[in-house]
Amino acid sequence: DESQFEVGRNVAVTEGAVVFENELFQLIEYKPTTAKVHERPMLLIPPCINKYYLLDLQPENSVVRHLVENGHRTFIVSWRNPDQSCATKTWDDYIQHAAIQAIDTVREIANVPSINVLGFCVGGTILSNALAVLAARGEKSKVNCATFLTTLMDFTEAGIIHEVFIDENFV
């Protein structure tokens, strides 16, 4: 019963505000709940097909709440729902104008040389590609530490579910 869930009431209840946006995403910064925060902020990149609040459910099971309660300055990517204006966007756009843009924006807002990032599901796949691009550019120092949750990076053996539903003809 979807009527039982309301963003801001019993889902995504951690206080935050949009601090940046472009055509692909909004960047939310969460209000710290501790007097002091760690110098290096944390950026979360969730899957594109789920909303940011997948990592900010109710207070007792929220990754975001856990981070802010433990002194982490926390930011999250909130993906925009693509419409016709995004019809020409490519994977490269999501790497450069979403993941790398979010990394650079968090670094700028926090005035730090590097940040910690967490990628979840396809958000982690996007993040892993962004990290490879940054490394190729000689900019890997922008990210201090990367954590991946349920992230597929090697699609050569995607597993039985993918083999059943996706084949060359389908693609």
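Reader: Hi! Which residues make the nonpolar surface patch here?

Author: Hello! This is a predicted model, and in it I160, V164 and F165 make a nonpolar surface patch of about 360 Å².

Reader: Where does F165 lie?

Author: F165 lies in helix 4, which covers residues 160-165.

Reader: And is F165 buried or exposed?

Author: F165 counts as exposed, because its relative accessibility is 57% and the cut-off for exposed is over 50%.

Reader: Thanks. Switching to the sheet: how many strands form it, and in what order?

Author: There are 6 strands in an open sheet, ordered 1-2-4-3-5-6, with mixed pairing. Strand 1 (16-21) and strand 6 (143-149) are at the edges with a single partner strand each, so one side of each has no neighbour in the sheet. From one strand to the next, the twist averages 25°.

Reader: What about strand 2 and strand 4, how many bridges join them?

Author: Strand 2 and strand 4 are joined by 5 bridges and run antiparallel as well. Here I28 is opposite I76 in strand 4.

Reader: In which sense do strand 3 and strand 4 pair?

Author: Strand 3 (residues 42-45) pairs with strand 4 (residues 74-79) in the parallel sense, over 3 bridges. L44 has I76 as its bridge partner in strand 4, and L43 stands opposite F75 of strand 4.

Reader: Nice. Which strands does helix 2 lie across?

Author: Helix 2 (residues 91-110) lies across strand 1, strand 2 (25-30), strand 3, strand 4, strand 5 (115-120) and strand 6. Helix 2 runs at about 25° to strand 2.

Reader: And what does helix 3 touch?

Author: Helix 3 (residues 122-136) packs on the sheet and touches strand 3, strand 4, strand 5 and strand 6. The direction of helix 3 makes about 150° with that of strand 6.

Reader: New topic: charges. How many salt bridges are there in the whole structure?

Author: A search of the whole structure gives 6 salt bridges. One of them is between the side chains of K89 and E23, at 2.7 Å from N to O. K89 is in the loop between strand 4 and helix 2 and E23 is in the loop between strand 1 and strand 2, so this pair ties together parts 66 residues apart in sequence.

Reader: What relative accessible area does each of those have?

Author: K89 has a relative accessible area of 25%, so it is partly exposed. E23 has 46% and is also partly exposed.

Reader: Which residues are linked in a network of salt bridges?

Author: D104, R107, E139 and K142 are linked in a network of salt bridges. In the bridge between E139 and K142, the closest N and O atoms are 3.1 Å apart. E139 is partly exposed, with a relative accessible area of 25%.

Reader: Where is K142, and is it buried or exposed?

Author: K142 is in the loop between helix 3 and strand 6. K142 counts as buried because its relative accessibility is 14% and buried means under 20%.

Reader: What does K142 touch, then?

Author: Leaving aside residues up to four places away in sequence, K142 touches I103, D104, R107, P113, S114, I115 and L134. K142 and I115 are 27 residues apart in sequence, and their C-alpha atoms are 6.5 Å apart in space.

Reader: Great, thanks for the tour!

How values were computed: Residues are numbered from 1 along each chain as its sequence is written. This is a predicted model: local features need pLDDT of at least 70, side-chain atom pairs count only at pLDDT 80 or more; totals for chains, interfaces and linings use all residues. Side-chain values use heavy atoms; hydrogens and water are left out. Two strands pair if DSSP finds at least two bridges between them. Helices (H or I, at least four residues) and strands (E, at least two) are DSSP runs, numbered from the N terminus. Axes are lines fitted to C-alpha atoms, for helices over the stretch in contact, and angles run from 0 to 180 degrees between N-to-C directions. Contact means heavy atoms within 4.5 Å. Patches are made of residues with over 30% relative accessible area and no salt bridge: like charges are joined within 9 Å, nonpolar side chains (Val, Leu, Ile, Met, Phe, Trp, Tyr) within 5 Å. Accessible areas come from the Shrake-Rupley method with a 1.4 Å probe; for residues, only the protein chains shown count as cover. A salt bridge is a side-chain nitrogen of Lys or Arg within 4 Å of a carboxyl oxygen of Asp or Glu. Buried means under 20% relative accessible area, exposed over 50%, partly exposed in between (1.4 Å probe, protein chains only).
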